[in-house]
Amino acid sequence: MHIPDGFLDGKTAVATGALAAAGLGIALWSVRRTFPPRRVPLIGLAAAFVFAAQMLNFPVTGGTSGHLIGAVLAAVLLGPSAAVVVLSSVLILQCFLFADGGLTALGANVFNLALVTSTVGYGVYALVRRVAGDGLRARLLATGFAAWCSTVAASVACASELASSGTALWRVAFPAMAAVHMVIGLGEAAITTLVVAAVAGVRPELVREAPLAARAPRYVAVAVYGLLVALGLVLFVAPVASGWPDGLAKVAATLGFEAHASVPVLPAPLAGYVVPGLGRAVPSTVLAGATGAVVAFGLAWLLAWVLTSRGLSGRTRALETTVAS
Amino acid sequence: MNLRLLSPYEHRTSPIHRLPAAAKLAFLGAVVCTVVLVPLGAGMIYAVCAAALVTIAALSRVPARHLAWRLLLLEPFVLGVAALSLLQPGGGAVFAAMLVRSTLCLFAMVLLASTTRFTDLLAALWRLHVPALLVTSLALMYRYLSLLVDETGRLQRARRSRTFEGGRAFAWRSSAAVAAHLFVRTSERAERIYDAMCARGWRT
């Protein structure tokens, strides 16, 4: 999802750059205030860890494999502010050392892949935990669902930036990006849940400690980030969305052809993010999104249940001792 | 893994390599901004930028094969994003222009990466008053990157030599276990590093 140079126009690049700088500044300030000095080197090392963990392969089907993105993992293990700094470091290093992700798009990439992912991920995590409770099962459920939500949110932010730059049409970019990342998000949810469960099996205090320490300032931080992300969405989605109704008016004429052209390109279960037979309108997009969310929540719940039930966790522990020794 | 495997040419001593990192960052950043900001039809400006970049590449004496390989490695991502612009009226022209534009920018960034040491870039960022916490994190990340990648390899090798290969579910769980243990070791290493930093007089 790294945007290369040349796909964002000037105003989008400057606006996302300003938002990313503001968000990163707040994150640095919050880390400096709330992080114990002992754990400050962990931020740099956690960035190297995310980079190394992204190299682990998770086989999907027939030769293809996925990998961890790591935003929610970092947010759950270190807290949202530290996660923003960790992921920004990863993105900056990828940009300057490997030319992965453009220089003018660095702001947009930091906004999408560090700010939006960590904020949305940690927000959902905190929300689900508030409802579901404090046990390990509730924590894993919250982790899995948060990972899915953060992946989808980042893809929507990316699509809106591409659309507001005039690189791609919103009605093409949004369903394509969202549908693909609704599937990728399931993998991210599973991997993140498995890793957090394994960390909790070896060193439970690493999972327990992080969210409990310095609780009050974190909510303030989450609120401020939420505001920033909302501002970004208003800046990019609103002008695009205001052009939406006339797009909808032309749906019958234009999109009838457009949909035929785009459906085979998208390997999505809900054929182009639109529930068949309901017509392509806002309600059906919302319905498709909701269906995806329910599926993701079910998967997270199932994983959390399986990982914390007795027989399997014994086997996982046996596996971990083999890896550790 | 040695970091020189990742960027094998940043330690050479051509005239371009000897220039200060901030100057290279400023110049190549200006080239990228120019290419991004001029309208899609401005072929002359693209040609001038391309000529400048090729001249720098020749002066830097980085093998052309290395630069081409780096470009080809990243081109699929560019194609992936550009493909989204195909699905609109007149998308073909936009697609071609986007491709030229982002390949030029990619070329500039690959040149920067292979002629400038990352530590010099960090020093430049430090002088530009980028917050100390961010620069320290970046420096630590760069220092321990190859170490943790090696550690991942060792964990995977230890797992492979002690267990039979199971199905896909097993592969997922064992990769997750490797990641989890890597995190545990990373956090322990971070504490040792903090002690070592304090012993050498570092203060927050």
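**Close-up views of a predicted two-chain model**

**View 1. The interface between chain A and chain B.** In this predicted model, 68 residues of chain A are in contact with 71 residues of chain B (contact: C-beta atoms, placed from the backbone, within 7 Å). On the side of chain A that touches chain B, at least two residues each are supplied by α1 (10-34), α2 (40-53), β1 (58-61), α4 (80-98), α7 (170-202), α11 (251-262) and α13 (310-324) of chain A. Helices (H or I, at least four residues) and strands (E, at least two) are DSSP runs, numbered from the N terminus. The largest share of this side, 13 residues, comes from α2(A). By class, this side of chain A has 50 nonpolar, twelve polar and six charged residues (nonpolar: Ala, Val, Leu, Ile, Met, Phe, Trp, Tyr, Cys and Pro; charged: Asp, Glu, Lys and Arg; polar: the others, Gly among them).

Residues are numbered from 1 along each chain as its sequence is written, and chains are lettered from A and ligands numbered from 1 in the order in which they are written. Because the model is predicted, local features need pLDDT of at least 70 and side-chain atom pairs count only at pLDDT 80 or more, while totals for chains, interfaces and linings use all residues.

View 2. A:A75 counts as buried because it has 33 C-beta neighbours inside 10 Å (buried: 20 or more other C-beta atoms within 10 Å; exposed: 12 or fewer; partly exposed: in between; C-beta atoms placed from the backbone). Leaving aside neighbours within four places in sequence, A:A75 is in contact with A:P80, A:A83, A:S118, A:G121, A:Y122 and A:Y125. In chain A as a whole, buried residues make up 55% of the 325 residues.

**View 3. The packing of α3(A) against helix α5 (residues 106-132) of chain A.** The two helices pack at an angle of about 55 degrees, with their axes 9 Å apart (axes: lines fitted to C-alpha atoms, for helices over the stretch in contact; angles: 0 to 180 degrees between N-to-C directions). The angle therefore makes α3(A) oblique to α5(A) (under 35 degrees: roughly parallel; over 145: roughly antiparallel; 65 to 115: roughly perpendicular; the rest: oblique). A:A71, A:V72, A:A75 and A:V76 in α3(A) meet A:L113, A:T117, A:S118, A:G121, A:Y122 and A:Y125 in α5(A). This contact has seven nonpolar, three polar and no charged residues.

Definitions and conventions: Two residues are in contact if their C-beta atoms, placed from the backbone, lie within 7 Å.
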